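Work through these exercises with the model open beside you. Each task is followed by a stepwise solution.

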Amino acid sequence: MIAYIEPYFLDNDAEAASAATAAGKSTDGVSESLNIQGEILCGGAAADIAGRDFGGMNCVKPLAVVRPVGPEDIAGAVKAALRSDKLTVAARGNGHSINGQAMAEGGLVVDMSTTAENHFEVGYLSGGDATAFVDVSGGALWEDVLKRCVSEYGLAPRSWTDYLGLTVGGTLSNAGVSGQAFRYGPQTSNVTELDVVTGNGDVVTCSEIENSELFFSVLGGLGQFGIITRARVLLQPAPDMVRWIRVVYTEFDEFTQDAEWLVSQKNESSFDYVEGFVFVNGADPVNGWPTVPLHPDHEFDPTRLPQSCGSVLYCLELGLHYRDSDSNSTIDKRVERLIGRLRFNEGLRFEVDLPYVDFLLRVKRSEEIAKENGTWETPHPWLNLFVSKRDIGDFNRTVFKELVKNGVNGPMLVYPLLRSRWDDRTSVVIPEEGEIFYIVALLRFVPPCAKVSSVEKMVAQNQEIVHWCVKNGIDYKLYLPHYKSQEEWIRHFGNRWSRFVDRKAMFDPMAILSPGQKIFNRSL
């Protein structure tokens with residue numbers, strides 16, 4: 001299909017679009033402004049697809065949604081925007097952004113889902129170690145990559161996110177973090193090659209060796225330098241099963257010391273997955289004790305808690321991979337050897353065994369429940385931060401124990417990561433000090449019956465937490481960042497701001513890409 005939207009490239013505000021429609025000029029008009037093989041949606045259809053994201057706190061109207069067949073269509077959209085005075089382009093994966101990062105008000109939104117099946121090929125890197133990889137589309141969902149790699153090849157990517165209903169290009173444009181990142185690094189550290197459409201409209205293959213500046217710019221680049229159309233992702237043999245364990249702590253220091261010890265061990269001397277979360281010391285089914293057990297037959301026994309414990313408690317979440325051929329006694333011994341070093345509360349240990357794919361898709365059931373009860377469609381004023389080891393104790397005392405001591409109506413994640421697993425050549429920024437830093441995620445869910453004022457209070461509390469960090473000199477960075485002023489972005493990037501600006505000038509000099517991030521203004 002060849003589609004055209006010539007009237008909109010003359011002046012892309014709403015009045016011009018309306019005038020064009022009134023004059024009888026439609027998307028089928030003969031023009032060379034935009035010539036693609038895929039589909040173009042305008043008006044209400046475009047707004048329905050790309051006018052809102054998972055955060056649910058922003059509502060903007062794109063000029064059009066481009067549903068490309070391949071990278072040439074994406075390049076065509078970028079080149080058409082370059083020929084215009086105002087148009088911008090945003091890539092949209094599964095729409096899981098929180099603050100409108102994948103939106104383009106009055107611009108073009110590229111729906112990457114139409115390219116999801118464009119690539120899938122397993123191969124091996126040249127060299128003696130025969131490392132496997134899979135080439136996948138930037139628009140592919142990680143859950144589909146997982147299922148196909150495991151079922152067809154017995155292989156799997158090494159690093160994940162907790163929720164896998166996200167696109168490959170979307171997470172690689174941020175970092176991609178989960179409980180495996182302490183060992184393998186974020187997803188950005190597990191990619192060896194990319195195909196990218198730059199803000200100049202060029203289709204470029206890049207890697208650590210070939211076009212390396214673009215490669216490292218795009219990884220964690222927030223969509224500012226290019227749209228990922230293909231990624232070469234490292235694979236490893238997939239285990240058959242996972243022993244999934246949760247243990248409870250009353251003291252934050254013991255919780256963090258144990259978590260830090262685990263993530264600092266060599267591969268065979270630790271678990272394969274390490275995360276943690278904070279929960280309310282009470283019977284609240286959403287924020288408290290009931291959120292900890294892993295099976296309906298498990299029961300949280302609060303009498304196991306000392307009377308002196310505070311308003312919040314801490315849970316260390318662990319996973320150990322194994323094969324079907326491993327004996328139960330072997331797995332039990334490995335688990336006990338590791339867990340015997342930990343100082344959790346006796347009697348508050350929960351564990352189940354799951355198939356590997358089921359474990360990685362563990363959030364899928366939560367998604368289904370949220371869709372059933374309506375909370376999937378309500379606003380999600382989430383806050384994600386990286387906080388240095390130096391300051392995580394202060395963060396616990398002020399934020400966990402005071403500001404959010406009653407919970408956030410959703411998970412409150414906190415677990416350590418290792419700086420040495422992150423490549424500082426990428427565009428991702430992390431806290432400045434120390435080898436160990438923490439990810440903190442306040443994943444707020446809003447009940448369907450909640451008033452607008454309650455959402456505003458949640459947003460205000462997020463802002464209060466960030467302001468407290470700034471005021472008290474906390475060594476932190478926002479993850480999945482969103483700021484409203486360039487001054488805030490400059491503070492976010494710190495001494496890497498000039499590099500970020502230079503990369504923008506190199507790969508998107510007209511500031512066409514990802515306007516929803518509000519980092520740069522479109523150049524004329």
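## Exercise 1: The second largest cavity

The lining of the second largest cavity has two nonpolar, six polar and no charged residues. Classes run as follows: Ala, Val, Leu, Ile, Met, Phe, Trp, Tyr, Cys and Pro are nonpolar, Asp, Glu, Lys and Arg are charged, and the others, Gly among them, are polar. This is a predicted model, where local features need pLDDT of at least 70, side-chain atom pairs count only at pLDDT 80 or more, and totals for chains, interfaces and linings use all residues. Residues are numbered from 1 along each chain as its sequence is written, and side-chain values use heavy atoms, with hydrogens and water left out.

Task: state which residues line the second largest cavity.

Solution. 
- Step 1. List the lining: Gly-70, Pro-71, Ile-74, Thr-115, Asn-118, His-119, Ser-137 and Thr-229.
- Step 2. A volume is the space filled by probe spheres set on the points, which are joined across faces, edges and corners.

## Exercise 2: The largest cavity

Task: explain why the largest cavity lies between two domains.

Solution. 
- Step 1. Count: the structure holds three cavities of 30 Å³ or more.
- Step 2. Take the largest cavity, with a volume of about 90 Å³. Its lining has 13 residues, and Leu-222, Val-428, Val-429, Pro-481 and His-492 are the closest to its centre.
- Step 3. Assign domains, with bounds from an automatic or database domain assignment. Domain 1 (120-238) and domain 2 (241-478) both give residues to the lining, so the largest cavity lies between them.

## Exercise 3: Positive phi

Task: decide whether Leu-222 is buried or exposed.

Solution. 
- Step 1. Locate Leu-222 in the loop between α8 (212-218) and β10 (226-237). Helices (H or I, at least four residues) and strands (E, at least two) are DSSP runs, numbered from the N terminus.
- Step 2. Read the backbone: phi of Leu-222 is near 60°, positive in a residue other than glycine.
- Step 3. Apply the cut-offs: buried is under 20% relative accessible area, exposed over 50%, partly exposed in between (1.4 Å probe, protein chains only). Leu-222 has 8% relative accessibility, so it counts as buried.
- Step 4. Turn to Leu-480, in the loop between β18 (476-478) and α15. Leu-480 has a positive phi of about 55°. With a relative accessible area of 30%, Leu-480 is partly exposed.

## Exercise 4: The second largest pocket

Task: find which helix gives the most to the lining of the second largest pocket.

Solution. 
- Step 1. Define a pocket: an open set with protein on both sides within 12 Å along at least five of seven lines.
- Step 2. Take its volume, about 690 Å³. The lining has 27 residues, and Asn-99, Val-459, Gln-463, His-482 and Lys-484 lie nearest the centre.
- Step 3. Sort by element: β15 (383-388), α14 (452-471) and α15 (486-493) each supply at least two residues.
- Step 4. Pick the helix: α14 gives the most, with eight residues.
- Step 5. Sort by class: the pocket lining has 14 nonpolar, eight polar and five charged residues.

Notes:
On a 1 Å grid over the protein atoms alone, a cavity is a set of points where a 1.4 Å probe fits but cannot get out, and a pocket is an open set with protein on both sides within 12 Å along at least five of seven lines; lining residues have an atom within 4 Å of a point.
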